[in-house]
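Please examine the sequence and the three-dimensional structure shown here before reading further.

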Amino acid sequence: MQGSTCAVLTFICVSGVLASLPLPKYIKPCSRNDPDIDECAKRHAKDVISHPALAQGDSKYKLPPLNPLEIKESIVRDKRMTLTLRDLKIYGLLGAEVDAIRYDFEKHHMQFLLNFPLVTVLGKYETDGRILLLPIKGNGNINITDVNLNVTFDTDYSLQQIRGKTHMILENGKCTVWSGRTYVHLTNLFNGNEVLGAQVNAFINENWKDFQDAVSPAFAEVIARTITTLVNNMATLVPYDEVFPETVS
Ligand SMILES: *[C@@H]1O[C@H](CO)[C@@H](O)[C@H](O)[C@H]1NC(C)=O
Ligand SMILES: *[C@@H]1O[C@H](CO)[C@@H](O)[C@H](O)[C@H]1NC(C)=O
């Protein structure tokens, strides 16, 4: 108890004196008066995504490593499927192509369209229910690999005063995801019964669209939450005037 009180107080003290930060060097700003701001942002986003700082993380800006991105748990539960996924590692997020970025400064809204040529999700799965309506019992490793994964991220934002400066904070982020092709592999189905396991894996891969439909709402939620958290970690440190200055020299 004593220990945690100290930790909390220290944290408050530290964050109390924390000054605002400029944008990190690997993010180039676009002027909010640029008539082609969407194009400017799209160009700069490509440089950011391929920068090594994102793969390794940047603790100064509270960014965790992004390749792989680690997710503790995601639960898929709909009429076709009951599947618990744990200790996920997501590879390939930094290979994204930015198809479009759209800012609406009047409506306080933005949209990102991203394409990921290859994303692999590795982790543990557990099910004692259904996968694509088949009654299935299993507990092992899962590999979900998406080729040509498209993601849209839509979010509102509000302007908030933090330490006397205006900051842009994302709210109500939502994602949709869909894949050009999904490959799935589950180990240790039916207590390691090889024949049944191979049949079930073959069935899921023949019906990969239905599998993708069932898992995509859960993945979309995880991705939306992750993007919102990462951006807001940085956005609470870097004032709006640094992110979207009046002019860029
Ligand atoms: C995951 O599955 C993909 C597609 O089948 C495969 O290319 C890749 O090697 C697998 N990764 C691992 C770690 O098993
Ligand atoms: C993903 O988006 C790109 C560009 O917007 C498009 O050309 C492609 O067909 C889309 N892929 C799928 C699987 O819908």
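The paragraphs below proceed from the overall layout to the strands, the core, the ligand shells and some individual residues.

The structure is a predicted model. The secondary structure of the chain comprises 6 helices and 6 strands, and from the N terminus on these elements follow the order α-α-α-β-β-β-β-β-β-α-α-α. Along the principal axes, the C-alpha atoms of the chain occupy a box of roughly 65 × 55 × 30 Å. The chain has 249 residues, of which 23% are buried. If one considers the contacts between residues at least 6 apart in sequence, 68% of them join residues at least 24 apart.

The pairing of strands E4, E5 and E6 comes next. Strand E4 spans residues 109-131, while strand E5 covers 134-162 and strand E6 covers 165-186. E4 and E5 run antiparallel and are joined by 22 bridges. One of the residue pairs involved is His109 with Asp156, the latter lying in E5. These two strands form a hairpin with 2 residues between them, and Leu132, in the turn, has a positive phi of about 50°. E5 also pairs with E6, again in the antiparallel sense, over 19 bridges. Here Asn143 has His185 of E6 as its bridge partner. The hairpin of E5 and E6 likewise has 2 residues between the strands, and in it Arg163 takes a positive phi near 50°. As a general point, the side chains in a regular strand alternate between the two faces of the sheet.

Which elements supply the largest nonpolar core? This core has 46 residues, and those with the most contacts inside it are Leu83, Phe116, Val119, Val151, Cys175, Val177 and Ile223. Strand E2 (81-91), E4, E5, E6, H4 and H5 each contribute at least two residues to this core. The largest share, 9 residues, comes from H5. In soluble globular proteins, nonpolar side chains tend to be buried together. Leu83, one of the core residues with the most contacts inside it, touches Val76, Tyr125, Thr127 and Ile131, residues up to four places away in sequence being left out of account.

Helix H5, residues 208-235, also contains Thr228. Is Thr228 buried or exposed? Thr228 counts as buried because 21 C-beta neighbours lie inside 10 Å, and the threshold for a buried residue is 20 or more. Not counting residues up to four places away in sequence, Thr228 touches Thr155, Leu170 and Gly173. By contrast, the C-alpha atoms of Thr228 and Val184 are separated by 28 Å, the two residues being 44 apart along the chain.

Attention may now turn to the ligands. Around ligand 1 are Thr120, Leu122, Asn143, Thr145, Tyr183 and His185. E4, E5 and E6 each supply at least two residues of this shell. By class, the shell around ligand 1 has 2 nonpolar and 4 polar residues, with no charged residues.

Ligand 2 has around it Asp99, Asn115, Asn148, Asn150, Trp178 and Gly180. E5 and E6 each provide at least two residues of the shell around ligand 2. That shell divides into 1 nonpolar, 4 polar and 1 charged residue.

Asn148 lies in strand E5 and has a positive phi of about 60°, although it is not a glycine. Why is Asn148 classed as partly exposed? The reason is that 14 other C-beta atoms lie within 10 Å of Asn148, whereas a buried residue needs 20 or more and an exposed one has 12 or fewer.

Phe190 is another residue other than glycine with a positive phi, in this case near 45°. The position of Phe190 is in the loop between E6 and helix H4 (194-206). Phe190 is partly exposed, because 14 other C-beta atoms lie within 10 Å.

A further backbone feature concerns Asn67 and Pro68. The peptide bond from Asn67 to Pro68 is cis, with omega near 5°. Pro68 is placed in the loop between helix H3 (52-56) and strand E1 (69-78).

Note on methods
Residues are numbered from 1 along each chain as its sequence is written. Chains are lettered from A and ligands numbered from 1 in the order in which they are written. This is a predicted model: local features need pLDDT of at least 70, side-chain atom pairs count only at pLDDT 80 or more; totals for chains, interfaces and linings use all residues. A residue is near a molecule or strand if its C-beta atom, placed from the backbone, lies within 6 Å of it. Helices (H or I, at least four residues) and strands (E, at least two) are DSSP runs, numbered from the N terminus. Ala, Val, Leu, Ile, Met, Phe, Trp, Tyr, Cys and Pro count as nonpolar, Asp, Glu, Lys and Arg as charged, and the others, Gly among them, as polar. Two residues are in contact if their C-beta atoms, placed from the backbone, lie within 7 Å. Two strands pair if DSSP finds at least two bridges between them. A nonpolar core is a set of buried Ala, Val, Leu, Ile, Met, Phe, Trp, Tyr and Cys residues joined through C-beta atoms within 7 Å.
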